[in-house]
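Please keep the sequence and the model side by side while reading.

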Amino acid sequence: SLTRTLPQTGVPADAYAILKTKREGVVKEINMNPASMTNWLALGTIHKQVNDYEGARIYYSYVTTVNPQNLTAHWNLGALYENYLKDNAKAEVEYRAVVKLDKKYVDGYMALHLLYLKMQDSTKAESILTEGIAANGDSVDLFVLEAQYFASKGNISKAKASYDKAIAAAKALKNNELAAILQAEKDALR
């Protein structure tokens with residue numbers, strides 16, 4: 001419903017006034033073009049900015065219902081569930097939808113990995129890295145995350161092997177500065 005009140009919770013009056021005006025503009029746009037998912041997402045973000053997380057959930061969920069292929073809506077819902085509504089199970093569902101929609105979206109794998117660590121599920125945390133690397137074999141970020149994960153588990157040999165892959169990927173991108181930083185991190189492992 002577009003009649004949801006924008007609460008003034010936890011934001012200064014001047015910021016609230018700006019967001020309220022912005023919301024009014026977005027609602028006008030939606031009334032002219034209800035099919036614009038960008039405007040529905042913007043409405044969710046405005047509600048999130050005033051700490052109306054339930055309102056944000058409603059608008060983001062609407063987008064995923066009307067357009068299940070909307071990666072941004074799933075991402076926003078995942079982050080909302082994880083960080084604000086504190087529902088890790090629902091966050092997992094949304095982040096999983098993200099990687100299903102775009103296997104090349106590295107941030108989805110990273111978010112799931114960190115969520116699984118938060119949930120203290122090492123099996124899933126390691127598995128999602130393997131899945132992400134299989135889909136993105138040139139991702140420096142995933143290799144580094146994997147190296148850090150193995151190092152945290154005390155498996156230095158696997159951590160070093162992951163750093164080697166990250167270094168090779170950085171060099172393939174001709175980013176020698178990053179390769180040197182990663183080499184230093186690898187060398188610091190004990």
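Leaving aside its neighbours within four places in sequence, His47 is in contact (heavy atoms within 4.5 Å) with Arg4, Thr5, Leu6, Pro7, Arg23, Asp52, Gly55, Ala56 and Tyr59. His47 itself belongs to helix α2; helices here are DSSP runs of H or I with at least four residues, numbered from the N terminus. With a relative accessible area of 0%, His47 is buried, a term that means under 20% relative accessible area, with exposed meaning over 50% and partly exposed in between (1.4 Å probe, protein chains only). The model is predicted: local features need pLDDT of at least 70 and side-chain atom pairs count only at pLDDT 80 or more, whereas totals for chains, interfaces and linings use all residues. Residues are numbered from 1 along each chain as its sequence is written, and side-chain values use heavy atoms, with hydrogens and water left out.

Tyr59, one of the contacts of His47, also takes part in an aromatic pair. Rings of Phe, Tyr and Trp (its six-membered ring) pair if their centres lie within 6.5 Å; planes under 30 degrees apart count as stacked, over 60 as edge-to-face and the rest as tilted. The structure holds 6 aromatic pairs. In one of them, Trp40 and Tyr59 are 6.1 Å apart centre to centre with 35° between the planes, a tilted arrangement. Because Trp40 lies in helix α2 (residues 37-49) and Tyr59 in helix α3 (residues 53-66), this pair ties together parts that are 19 residues apart in sequence. Both partners are buried: Trp40 has a relative accessible area of 8%, and Tyr59 has 1% relative accessibility. Tilted geometry is also found for Tyr149 and Phe150, whose ring centres are 5.6 Å apart and whose planes lie at 55°. Tyr149 is buried at 5% relative accessible area, and Phe150 is buried at 9%.

Helix α3 has 14 residues and reaches 20 Å from its first C-alpha to its last. This is close to the expected 20 Å, the expected span being 1.5 Å times one less than the number of residues. Its buried residues are Gly55, Ala56, Tyr59, Tyr60, Ser61, Val63 and Thr64, and they pack against α1 (13-32), α2, α4 (71-83) and α5 (88-101).

Asn76 is found in α4 and counts as buried at 18% relative accessibility. Apart from neighbours within four places in sequence, Asn76 is in contact with Leu41, Thr45 and Tyr60. The C-alpha atoms of Asn76 and Tyr60 are separated by 7.0 Å, although the two residues are 16 residues apart along the chain.

The buried residues of α5 are Ala91, Glu92, Glu94, Tyr95, Ala97, Val98 and Val99. They pack against α3, α4, α6 and α7.

How do the last two of these helices lie? Helix α6 (residues 106-118) and helix α7 (residues 122-135) pack at an angle of about 170°, with their axes 8 Å apart; axes are lines fitted to C-alpha atoms over the stretch in contact, and angles run from 0 to 180 degrees between N-to-C directions. The two helices are therefore roughly antiparallel, the term for angles over 145 degrees, while those under 35 count as roughly parallel, 65 to 115 as roughly perpendicular and the rest as oblique. Tyr109, Leu112, His113, Tyr116 and Leu117 in α6 meet Lys124, Ala125, Ile128, Leu129, Glu131, Gly132 and Ala135 in α7.
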